[in-house]
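Colleague: I am new to this structure and would be grateful for a close look at a single part, the place where the two chains meet. Please take me through it in one connected account.

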Amino acid sequence: MTAARYLAFHVDGVEYALEAVRVREIVPLPPVTRVPNAPAHVRGVANLRGRIIPVVDLRVRLGSRPATDHRYVSVIVVHLNDGVAGLIVDGVADMLDVQPHQVRSPAGRSDDTDGGLVHAVADLGDRSPLLLDPDRVAGAVADALHVRASPVP
Amino acid sequence: VSAIERLHEATFLLVQLEVGSASDRAPLERLLREIARSDGVSPNVAGLLVQAAEHLSAPVSDGDASADLLREVVRLVDRAVEAVESPQATDDSTDSFAADPEMIDGFIVESLEFLESAERAALELEAAPGNADAIDTLFRCFHTMKGTAGFLGLPQIVALAHRAESLLSLIREVGREADAGEIDLVFRSVDTLRALVAAISAPGEEVACYELAAALDEQVNRARLNTAAVRSSAAPAPTSAPVPEQQRVGSAAEFAGASDWTRVRTDRLDNLIEGLGELLVAQSILTQDPAIVGARHSELALKAEAVGKIVRDLQQLAISMRTVSLSRLFRKTARMVRELSRGRGAPITLELDGESTVIDRNMVDLLADPVVHMIRNAVDHGIETPDERRAAGKTPEGLLRLRASNAGSEVVLELSDDGRGLDRSRIRDRAVERGLIEAEDELSDTDLLRLIFVPGFSTAREVTNLSGRGVGMDVVRRNIEALRGRIDVRSEDGAGTVFTLRVPLTLAITDGLLVRVGSERFVIPSRHVHLSFRPEPSAVTAGAGVVESVLLRDRELPLVRLHDLLGVAGAEEDPAAAVLVVVGTGAGRRALLADELLAQVQVVSKPLGSVLEAVPWLTGGAILGDGRVGLILDVPAIAAAVDDLAEQEPVLTHTA
């Protein structure tokens with residue numbers, strides 16, 4: 001079994017990582033247009049070279065307050081099953097090689113603490129980033145919207 | 001008992017089911033399965049019969065589904081009968097794919113063009129049965145198709161084109177007029193050849209041409225006898241010197257002017273147009289950059305503007321490359337009116353105007369359905385019978401007129417008839433009966449007529465075999481609105497009805513009104529916008545609860561506060577200090593409250609992505625001139641939402 005590459009980043013002081021193959025690019029936070037009636041963690045939509053992408057605030061999605069200082073945030077543009085989305089993070093750290101035997105289940109973490117996004121933990125000795133499933137970011141967005149789409153406000 | 005005899009027995013049972021003199025499907029189903037299992041039945045035929053039997057055993061819920069099902073069974077059994085009676089004809093089609101696929105593709109495209117020319121000529125011939133040019137054109141089309149089809153090994157096409165060609169050559173030889181039966185055979189040949197050509201790229205598809213071939217043979221024999229008779233009685237041969245056939249036929253290339261054309265795949269053209277749309281947006285972002293805006297009169301600004309002009313010209317050019325004329329739609333219409341007037345046994349004159357009007361090719365097919373439906377309606381319900389017309393002091397022939405024109409970035413289609421006109425009292429009765437309006441409601445004439453576009457409304461008292469059933473003007477309206485168009489109706493009692501369709505030339509670009517709500521901006525598609533105004537404070541009435549309304553020229557419009565609907569904080573609350581944008585039509589008219597109008601914009605509409613698909617009140621987004629995303633409002637959904645609110649509220653009080 002070979003190692004998989006991950007992109008490590010920080011959200012609200014916690015280290016997370018996404019599989020590198022899912023990452024399309026990293027861009028500075030673009031101007032975001034708020035989308036009415038979207039869930040709180042969807043900051044809005046942005047123009048990525050002529051393409052419109054949804055932008056998700058990972059802080060909110062992971063259960064903490066949105067950042068007030070946007071000077072250092074980045075947007076990780078990820079490939080989803082059906083499209084592309086931007087994830088707002090506090091800062092990108094580095095690339096990691098994770099061996100299969102280093103991956104363990106996220107024991108002790110419940111869906112409440114991080115919105116069910118963490119599917120595993122990488123045990124790298126000096127650090128243990130939480131591994132995120134990008135499709136759950138999207139899936140949760142879609143679910144939240146379906147609930148909100150039906151009643152007339 | 002041979003398979004064919006038992007198949008005839010099955011056909012007989014099927015007819016009884018069709019006319020309703022029998023209702024039990026089981027005996028037919030059993031019979032079909034038995035025939036399928038019997039010796040000497042080819043796998044192809046057995047397959048068709050088993051398929052038919054499966055259809056018969058399917059449970060059916062209502063009459064419509066049952067009729068559809070029976071039609072399908074009839075089709076399958078017909079094909080089986082045909083395959084048994086002339087195994088040669090159906091087996092031939094399998095050989096055709098040996099030829100070079102590129103040549104086959106070329107043949108398909110070329111043949112469809114020939115058949116279009118042929119159809120046009122057939123219509124001309126019908127109008128003037130002695131038209132020698134039309135006969136020549138038809139002859140050439142069939143002859144050329146026959147030649148190429150023979151080369152490519154498409155025997156069914158050869159056989160049919162040969163027969164049609166023979167018939168025309170006999171007519172041409174003596175310079176006589178074609179009779180109605182012959183013209184009919186020509187039309188059927190064009191249709192069947194088109195189906196055969198289409199079947200080349202759909203293997204397994206079988207086209208019934210046996211009966212037509214037989215009818216053509218019979219007519220050719222009859223014509224040959226008559227020609228011989230004419231020859232023996234009338235003295236010398238035709239006056240004009242016989243022209244050698246080769247010289248008259250002309251090559252396919254000459255016919256289509258092929259050397260001056262390049263065929264481009266539509267998706268490539270689509271990508272080009274989309275790319276140019278993005279380039280235009282990027283260019284306008286550039287020209288609005290502070291560095292350029294700040295130096296308004298500098299050379300840089302002029303240069304950026306010059307680039308913009310070129311990009312806009314290129315975009316226009318690319319869109320024009322994707323436009324086609326409405327000639328195909330017109331021909332389809334002419335053909336259909338011909339069939340419809342024959343079906344009802346009363347003549348109808350069709351006047352066509354504006355065949356050269358152009359439209360985005362992506363639109364033309366989508367436009368055909370509603371137009372065809374409206375023509376059926378006009379023929380079935382609008383135009384009276386010859387007796388009724390005479391009694392009303394009209395000519396016995398009905399008149400249908402289809403006019404098209406390009407008006408700016410729109411295409412306007414006007415379909416008028418000189419029939420009885422819409423029956424306003426019947427429309428009102430039906431609308432009350434359906435609960436669409438209250439008996440005491442007062443409606444303007446326009447609003448009353450527009451009721452025919454409301455879902456579930458239909459004034460057709462009877463269902464004819466021509467108009468189909470259950471599809472009303474609401475579907476037409478929906479189709480037109482899906483094309484971002486709109487439809488209007490005018491009608492004069494006893495004098496006829498006029499439908500006017502307006503659709504954009506292309507869907508690639510949306511015209512919109514950019515409005516500000518609080519600190520946010522939204523695009524309202526211009527096609528929905530009637531006018532905007534700032535109301536007097538007294539014109540706004542607080543409703544009993546959720547729904548407010550505003551008076552505009554003595555009419556009360558529901559007022560929609562966009563900032564409430566869209567959750568925008570810090571927006572202007574006082575309508576008298578803001579602006580109202582009136583959208584929608586007729587009873588669906590609404591006044592949308594926005595802070596201010598910012599600009600007229602042209603945008604390329606894009607999806608918000610799968611993640612935000614379900615979000616309400618929006619149809620998509622667009623990159624605005626400053627590079628930010630603007631959201632496009634879903635006006636029909638917003639208008640409908642007001643109805644939902646009104647329903648939640650039992651009493652709508654109004655104190656003016």
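Modeller: In this predicted model, 24 residues of chain A are in contact with 28 residues of chain B, contact meaning heavy atoms within 4.5 Å. Together the two chains bury about 2300 Å², 68% of it on carbon and sulfur atoms; buried area is the accessible area (1.4 Å probe) that two parts lose on being put together, summed over both.

One salt bridge is counted between chain A and chain B, the term standing for a side-chain nitrogen of Lys or Arg within 4 Å of a carboxyl oxygen of Asp or Glu. Arg34(A) forms a salt bridge with Glu520(B), and their closest N and O atoms are 2.6 Å apart. On the side of chain A that touches chain B, strand 4 (42-48), strand 5 (51-57) and helix 3 (134-149) each supply at least two residues. Helix 3 of chain A gives the largest share, six residues. Helices (H or I, at least four residues) and strands (E, at least two) are DSSP runs, numbered from the N terminus.

As for confidence, chain A averages a pLDDT of 80, and 79% of the residues score at least 70; pLDDT is the predictor's confidence in each residue, from 0 to 100. Over residues 141-153 of chain A the pLDDT is below 50, although this stretch has 26 contacts in the model beyond near neighbours in sequence. Where pLDDT is low, the predicted coordinates should not be read in detail.

Residues are numbered from 1 along each chain as its sequence is written, and chains are lettered from A in the order in which they are written. Local features need pLDDT of at least 70, side-chain atom pairs count only at pLDDT 80 or more, totals for chains, interfaces and linings use all residues, and side-chain values use heavy atoms, with hydrogens and water left out.
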